[in-house]
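I opened my notebook and went through this protein piece by piece. Here is what I looked up, in the order I looked it up.

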Amino acid sequence: MPQKFDLPLKILCLALAFGLGFLSFKVFDLRKDKTLNDVQNTHVMQYHGQLLTPQDVTLTTPYIGYITPIHEALIQPYISGFIEKIYVKGGDFVQKGDVLLVLKQDEYIAALNAAYANILKADAVLTNASNYYNRLKKAGKSISAAELEAAEASYLSALATLEQAKANYNAAKVNYDYTIITAPINGVVGNVSLTKGNYVSPSGPALFSIMQYSPIRVVFSISDKEYLAELQKEKPFSDETLFLELPNGKIFKNTGVVRYTDNSIDTPTSSLKVYADFKNIGKILTPNTYVTVLSQSVIKNAVEVKKNLVLLQNYGNFIYLIRAGRLIKEKVEILATLGESFILKNTFQKDDAVVLSPVEPQNIGQPAQIISSKKEA
């Protein structure tokens, strides 16, 4: 009896074994498909990128400027007269107070002596009037009031005469002093075409000029926007160093100091004049020469990024970054322009990398990584 059911039992066992094997295969196949889907869903996008490195950035902005003297004095006589002596020639350096030329002094010396003689005369009259007045005052009641008043009037008149004589003498002394023309400032003498015997007067043309060469002033213009940016600083122009590029292309060795700005904006150009002083040892800077003013400033802790990597949009400026393994769109603040780059305020995190490859906006927030170094990029 047991042998009768042996064959069907074997067939049943084989069927069960086949079914179990097929089911196991299907389960494995489903797990494999799920694993592939998970891998696809966690795909990491790869971009060429560059690590952002904060640093101090030096900016140099050029301006066209011209040189002008701080002080220039036109030498003009205060009195008329003939030139007696000339002590300077064109190109001489003079100090304030140095004698430049002398006018013929004879008539002014005579006037001075006459004025002094009048002082002596008035002083003598005053002494006599004073003594007489004092004697009458001591005489007491024996002198009438009319006599005393007359003596007092004579005394006061003599005193006034003496003061007038002194004033005349001072005026004569001033005129005499004007015959000696001295330098009002330190500087270099211009062309001197005078000769001894020339007649000069206050109404005539200037005799020559004296120009201060050091320090000397350079005038250049900045835009109204640049001026407003300077006003945001604690002290305008305090963080800038001024250099000069000379017409021959060389850099002048001394730096300048901004003294002041003009008091109004030039409407046609929307610019404002800036006045800066430079030490000019050796007279290298010559008035009326055009130079290039180089304004150099340093932006601390900034990031330099190529312009084509910055998205300039109405609601802000942005760059694409890879941060903590994900692609993000970060808003940035542009501080300045340097050639083909923007200088950005450092608001970034450590290991942030700017994306150099094209970016699809729908990929923002997805996992991403850099596949090239800064050098390769």
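**Entry 1: salt bridges**

I began with Lys104, which is partly exposed because its relative accessibility is 39%. My cut-offs: buried means under 20% relative accessible area, exposed means over 50%, and partly exposed lies in between, with a 1.4 Å probe and protein chains only. Asp106 has a relative accessible area of 52%, so I noted Asp106 as exposed. The side chains of Lys104 and Asp106 meet in a salt bridge, 3.7 Å from N to O. By that term I mean a side-chain nitrogen of Lys or Arg within 4 Å of a carboxyl oxygen of Asp or Glu.

Before going on, I wrote down that this is a predicted model, where local features need pLDDT of at least 70 and side-chain atom pairs count only at pLDDT 80 or more, while totals for chains, interfaces and linings use all residues. Residues are numbered from 1 along each chain as its sequence is written, and side-chain values use heavy atoms, with hydrogens and water left out.

How many salt bridges does the structure hold? I found 13. One of them joins the side chains of Arg217 and Asp277, at 2.7 Å from N to O. This pair links distant parts of the chain: Arg217 sits in strand E11 (residues 216-223) and Asp277 in strand E14 (residues 271-278), 60 residues apart. Helices (H or I, at least four residues) and strands (E, at least two) are DSSP runs, numbered from the N terminus. Are Arg217 and Asp277 buried or exposed? Both are buried.

I then checked Asp352 and Arg323, whose side chains form a salt bridge of 2.7 Å, N to O. Here too, distant parts of the chain are linked: Asp352 is in the loop between strand E20 (341-345) and strand E21 (353-355), Arg323 is in strand E17 (residues 316-323), and they are 29 residues apart. Asp352 and Arg323 are both buried. I also traced one network, in which salt bridges with shared partners join Glu230, Lys233, Asp239 and Glu240.

**Entry 2: strands and sheets**

I counted 4 helices and 22 strands in the protein. For pairing, DSSP has to find at least two bridges between two strands. In which order do the strands of the open sheet run? The order of the 4 strands is E3-E10-E8-E5, with antiparallel pairing. The edge strands, E3 (72-75) and E5 (93-94), each pair on one side only. E3 and strand E10 (residues 208-211) run antiparallel and are joined by 4 bridges, and Glu72 stands opposite Met211 in E10.

Next I looked at strand E4 (residues 81-86), which 2 bridges join to strand E9 (residues 199-200) in the antiparallel sense. Phe82 has Tyr199 in E9 as its bridge partner. E4 also pairs with strand E6 (residues 99-103), again antiparallel, over 3 bridges. There, Ile83 stands opposite Leu103 in E6. A reminder to myself: in a regular strand the side chains alternate between the two faces of the sheet.

**Entry 3: the inside**

Of the 377 residues in the protein, 31% are buried. A nonpolar core is a set of buried Ala, Val, Leu, Ile, Met, Phe, Trp, Tyr and Cys residues joined through side-chain atoms within 4.5 Å. Which residues touch the most other members of the largest core? They are Leu100, Leu207, Phe208 and Ile210, out of 20 residues. E3, E6 and E10 are the elements that give two or more residues to this core, and E6 gives the most, with 3 residues.

I listed what Leu100 is in contact with (heavy atoms within 4.5 Å). Leaving aside neighbours within four places in sequence, its contacts include Ile75, Ile86, Val94, Ile181, Phe208 and Ile210. Apart from this core lies another, of 17 residues, among them Ile216, Phe237, Leu285 and Val293.

Asn280 counts as buried because its relative accessibility is 2%. Not counting residues up to four places away in sequence, Asn280 touches Tyr213, Ser214, Ile216, Phe252 and Leu285.

**Entry 4: the outside**

My last stop was Tyr290, found in strand E15 (residues 290-306). Tyr290 counts as exposed because its relative accessibility is 57%.
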